[in-house]
Amino acid sequence: MALPTGQSETVVILDFGSQYAQLIARRVRENGVYSVLARPDVSAEEIRGLNPRGLIFTGGPASVYEAGAPRCRMDVFDLGVPILGICYGMQVSCQLLGADVKSAPSREYGRTSLTITRPEGLLKNVPAETTVWMSHGDQVRNLNDDFIPLAATPTCPIAAVRHRDRPVFGVQFHPEVTHTPHGNEIFVNFLYDICGCRGLWKMGSFVESVVAEVRARVKADERVICGLSGGVDSSVVAAMLHKAIGERLACIFVDNGLLRMNEVELVKSTFHGHFGMNLTVADAADQFLDRLRGVTDPQEKRRIIGHTFIDVFKAHAKKIPNAHFLAQGTLYPDVIESGKSLAGQAANIKLHHNVGGLPAELGFELIEPLRDLFKDEVRQAGELLGLPETLVWRHPFPGPGLAVRCLGEVTRDRLELLRKADNILLEEIYANNLYRKTAQTFAVLLPVKSVGVMGDGRTYDNVVAVRSVDTSDFMTADWSRIPYDVLASISNRIINEVKGVNRVVYDISSKPPATIEWE
């Protein structure tokens, strides 16, 4: 795996199946150190090739004493680089180096009080009595003389350790989650004091290095095609490539008729008007909506939209002379999911991804300037490149667009009703300074009707659901506690201003068990 240009500080994170693996990687990067995820059995030789400053072992759902439980290779400990084990990562480190791990007398889950007995090294500057987040059923029960205990909880006498001779450290709790208020101090201690990092991972230098790479790769007579979606990922890709090669970048924006209100105008004004980019808008709404006629199954909607997108994109791409490259907004989580990284192969890959999963027969070479970044880092890059705040901090929008928020059949009339309701919702969220405080907010048109009374007359009209969630990683999410008076204003406006709606409901489901989108 190649590291980003100019990257000289790297921490490799061995993922033992933790739901927080990507969160750990982000915490490391937030502290100015580049991080990559790797499978737990990665060889010492592969790790050595990355010249890491340190290793982190994640948590995981298994028990280390069970047959087939994931383990790292023993020669990883001989690399001489500092190791921090978290939860399962601490247990597997201690077990492999001679300690005993057994089932705990009682499972420890949630917030608990931690008492630090040795406030040094890894736990420097952390209060002697603090709160941490636990999630484990096993414990390190018996330490050999090679380990020194550092902290304890009321039910876990060995909650943090260090090895006497090796640079190996472990914590039974999860410093990466916000429920551990001093977790970041632990990462800072590990990265800077123990690993000797200096914080060289800077977004400004990353952007400049990518721009230089693209200039060197794309010859003077070659052009790059970028499929714009109106979202932050493709927008940052376009801005980055335009900085690198200027008018040799050709952007294609497909209007599939499934976009939010004023989406086409926003893209035109930003990329053609403000940046002066070469932009082609493909008006294909009729083609998409004709193929979606009568379709209600969500997966079938996605399949039709993906295939139609490819057809439309290919037709317009062929009109661009000397196009040798296709730019995509692939992010690091996408790379992990696809199995094209040290983290290995994931079980599921998104059906509709980036520019529709364009097939290899197009004959383009891929340029993926964001493939080393997480979403929050993409937003940082967007700000540095001068993209407007309204684009950089725009809430996520699904690839199939409003088709998966228009439950049931997708028609022009139903889409127009949904657009108006969604626009009113966002106007109120903006007006009440809630847009940046929520992670994703949108309206959903339900495939049911309800009885109502309007103007002393009976109505039988549509139902709109409002969905708003708070999340930092989109892997888990909780419903937003929007003030009642704001919800009342949203409901009143939608019912009064959108003809055909007589009921508004608020979705108070968390993820899991519900998903953020309804389809």
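1. A word on terms before we start: helices (H or I, at least four residues) and strands (E, at least two) are DSSP runs, numbered from the N terminus. With that in hand, you can find isoleucine 516 in the segment after strand 18 (501-506). Please keep in mind throughout that this is a predicted model.

2. Is isoleucine 516 buried or exposed? Its relative accessibility is 8%, and buried means under 20%, so isoleucine 516 counts as buried.

3. What surrounds this residue? Setting aside neighbours within four places in sequence, isoleucine 516 is in contact with Gln440, Phe442, Arg467, Val469, Phe474, Ala477 and Lys511. As for alanine 44, it sits 472 residues away from isoleucine 516 along the chain, and 39 Å separates the two C-alpha atoms.

4. Two of those names come back in the cavity analysis. The count comes to one cavity of 30 Å³ or more, and the largest cavity holds about 50 Å³ of space. Its lining consists of Arg260, His395, Pro396, Phe397, Arg405, Asp422, Leu426, Tyr435, Gln440, Thr441 and Phe442.

5. Which elements supply at least two residues each of the lining of the largest cavity? They are helix 13 (412-431) and strand 15 (440-454). Strand 15 gives the largest share, three residues. By residue class, the lining divides into five nonpolar, three polar and three charged.

6. Nine strands form an open sheet with mixed pairing, in the order 2-1-3-4-9-8-7-5-6. At the edges are strand 2 (34-38) and strand 6 (129-142), each of which pairs on one side only. On average, and ignoring direction, neighbouring strands of this sheet are turned by 25° against each other.

7. As background, strands of a sheet pair through backbone hydrogen bonds, either parallel or antiparallel. In which sense do strand 3 (residues 54-57) and strand 4 (residues 83-86) pair? Theirs is the parallel sense, over three bridges. Within this pair, leucine 55 of strand 3 stands opposite isoleucine 83 in strand 4.

8. Finally, a helix to look at alongside the sheet. Helix 1 (residues 21-30) lies across strand 1 (10-14), strand 2, strand 3 and strand 4. Relative to strand 2, helix 1 runs at about 160°, and strand 2 is one of the edge strands mentioned above.

How values were computed. Residues numbered from 1 in each chain as written. Predicted model: local features only at pLDDT ≥ 70, side-chain atom pairs only at ≥ 80, totals over all residues. Heavy atoms only, no water. Pairing = 2+ DSSP bridges. Axes fitted to C-alpha atoms, helices over the stretch in contact; angles between N-to-C directions. Contact = heavy atoms within 4.5 Å. 1 Å grid on protein atoms, 1.4 Å probe; cavity = no way out; pocket = protein on both sides within 12 Å on 5 of 7 lines; lining within 4 Å. Points joined across faces, edges and corners; volume = space filled by probe spheres on them. Nonpolar A, V, L, I, M, F, W, Y, C, P; charged D, E, K, R; others polar. Buried < 20%, exposed > 50% of the residue type's maximum accessible area, 1.4 Å probe, protein only.
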